[in-house]
Amino acid sequence: MTSRTRRPRTRRGRPALALAAGLALAAGLLTVPAAQATAGTGPSGRRLHDDFNGDGYPDLAIGAPGTALGTLPKAGAVTVLYGSASGLSTSRRQVLSWAARENADSPETGYGSGLRTADLDEDGYADLLSVVSWTPVDGDHGTFIEVNWGGPKGLSARPTVLSGLPDAMAMRDYTVADVDGDHHPDLVRLGIHPDTAQADGAVVHGPFTRDRPGTRTTYFTVDPDRSLRGRSLAAGDVNGDGIADLVVRTSSPDEPDSRGIALLTGGPDGLTRKGSPKDAVGRPVGGEEVAIGDLNKDGYGDIVVGHSFDGYDSDVEMPTEGGALGVVYGGPDGVSGTRKPVWINQDTPGVPGVGERGDGMGSALSIGDTDGDGYLDVATGLPGEDLDGVTDAGRVLVLRGGANGPTGTGARSFSQNTRGVPGTAEKADRFGVETSLVDGDGDRKDGLAVGDPDENASDGSVWVFSPSSSGITASGSFSFGAGTVRLPRAGALFGRSLGD
């Protein structure tokens, strides 16, 4: 498992101080002209959270954290496809990778993990945040966050390590959003701090500059009784007050198969816990991923929970065989008082396929408008889907949104066996481990990017699909991997993270 109301991603944590001297990134191929449009706004004047060079077109960052460079295995790399009037293309790209390892005793690895996009320093250009692992020879290890800053020529070649963060916090996930209502982005880290045992996370409050990592830090708890722990989170405005709220995916340390979500509303006085939503028969709405978006266009962000794992005993009574989406509608009190949460799975009318244990529906959530009708649609991966006898070949579903929320009617399905899609479905490809909906040509319709890090024995690949007035189409889709962007292929895990 963010600042755009779509989905969270990878969870990490590590002291960042004293590591900046050991970092060096270099720009590879960069064929992106300086921006000509107003920085940070699209053709319609919309402010964009994922436009790194300020030309008015959203861009797509692709992480390959397994990339080996020089003598350092799993150093990691990031490829950025820059948007244009003709959409995303590998001909307009920037490649960032570890150029050197100055401290052989403290290798930093996994660059390209947990990618997030946000205009952290508020200069009108989106910035790229990544999680990097640190493992010294004494066996201690952890993770930290670094930033490649956006600008008119694209992302900076050298990153900045975000120092001044709660160093000892064992980070599970993070996001960027204005949770205190001061109109500056805040960095929210989820994870237990050993020195503040009652805290489940920390908010580093903006404004940020390239030299100053925020102004102050406050801590928050997911559950006052300490019976729940946060696993991942998403940010979005569920109560319509203009301030970002947090939805935290939870579980109980004493009951590993328990899953739910906790809603914490934002405000100038801090985060306020609003409870844990349940469905119409009283079952917790929980799972492995969570995302937020106003699906029915009523002014309140709605919560989408991806319940992708269906192997626990507690799943026997759940309508989630093969995985499912739980939809919790927002309202002025945080959760709608009139609309109960609903479940959508492959047994829902109109949804392609049949729900079978291990399909993984609910993985890799993305929210965006794929047909330009003004309603947000939901993309989800099913990486465990078997196709024509091929085990774990994988597929992706896109569910259309509307006034009543997402529906199976008009849903679209894509796999490597779909006509027009490059490649062939093979055993353990797990197509659909990652998804991202991004408007690469600025036409107010989001195209689909699919990351498959397991493709070709973990070399990995990414597929890019265009939108249309009727939704995502396979026509004109293309795929590429590390070799296309001149990075080492073997074990690169290309597509393991797609910038949100």
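Me: Which residue in S10 is the bridge partner of Ala177?
Reply: Happy to start there, with a note that this is a predicted model, where local features need pLDDT of at least 70, side-chain atom pairs count only at pLDDT 80 or more, and totals for chains, interfaces and linings use all residues. Residues are numbered from 1 along each chain as its sequence is written, and side-chain values use heavy atoms, with hydrogens and water left out. Strand S9 (residues 170-177) and strand S10 (residues 186-192) run antiparallel and are joined by 7 bridges; two strands pair if DSSP finds at least two bridges between them. In S10, Ala177 has as its bridge partner Asp186.

Me: How many residues of strand S9 are buried?
Reply: Buried means under 20% relative accessible area, exposed means over 50%, and partly exposed lies in between (1.4 Å probe, protein chains only). Strand S9 is mostly covered. Of its 8 residues, the number buried is 6.

Me: How many helices and strands are in the chain?
Reply: Both kinds of element are DSSP runs numbered from the N terminus, helices being H or I with at least four residues and strands being E with at least two. By that count, the chain has 1 helix and 29 strands.

Me: What share of the chain's residues counts as buried?
Reply: The accessible surface of the chain comes to about 17800 Å², and carbon and sulfur atoms hold 49% of it. Such areas come from the Shrake-Rupley method with a 1.4 Å probe, and for residues only the protein chains shown count as cover. Of the 500 residues, the buried share is 60%.

Me: Why is one side of strand S13 and of strand S16 left without a neighbour in the sheet?
Reply: The open sheet has 4 strands in the order S13-S14-S15-S16, with antiparallel pairing. Strand S13 (229-236) and strand S16 (272-273) stand at the edges, so one side of each has no neighbour in the sheet, and each is left with a single partner strand.

Me: What distance separates the C-alpha atoms of Gly270 and Thr218?
Reply: Gly270 sits in the loop between S15 and S16, and its relative accessible area of 30% makes it partly exposed. Gly270 and Thr218 are 52 residues apart along the chain. Their C-alpha atoms are separated by 8.3 Å.

Me: Where is Pro207 found?
Reply: The peptide bond from Gly206 to Pro207 is cis, with omega near 10 degrees. As for its place, Pro207 is in the loop between strand S11 (201-205) and strand S12 (216-220).

Me: Is Arg486 buried or exposed?
Reply: Arg486 is a residue other than glycine with a positive phi, near 65 degrees. Its place is the loop between strand S28 (473-480) and strand S29 (497-498). With a relative accessible area of 69%, Arg486 is exposed.

Me: In which helix is the place of Ser458?
Reply: Ser458 is not a glycine, yet its phi is positive, at about 75 degrees. Ser458 is partly exposed, with a relative accessible area of 26%. Its place is in helix H1 (residues 455-458).
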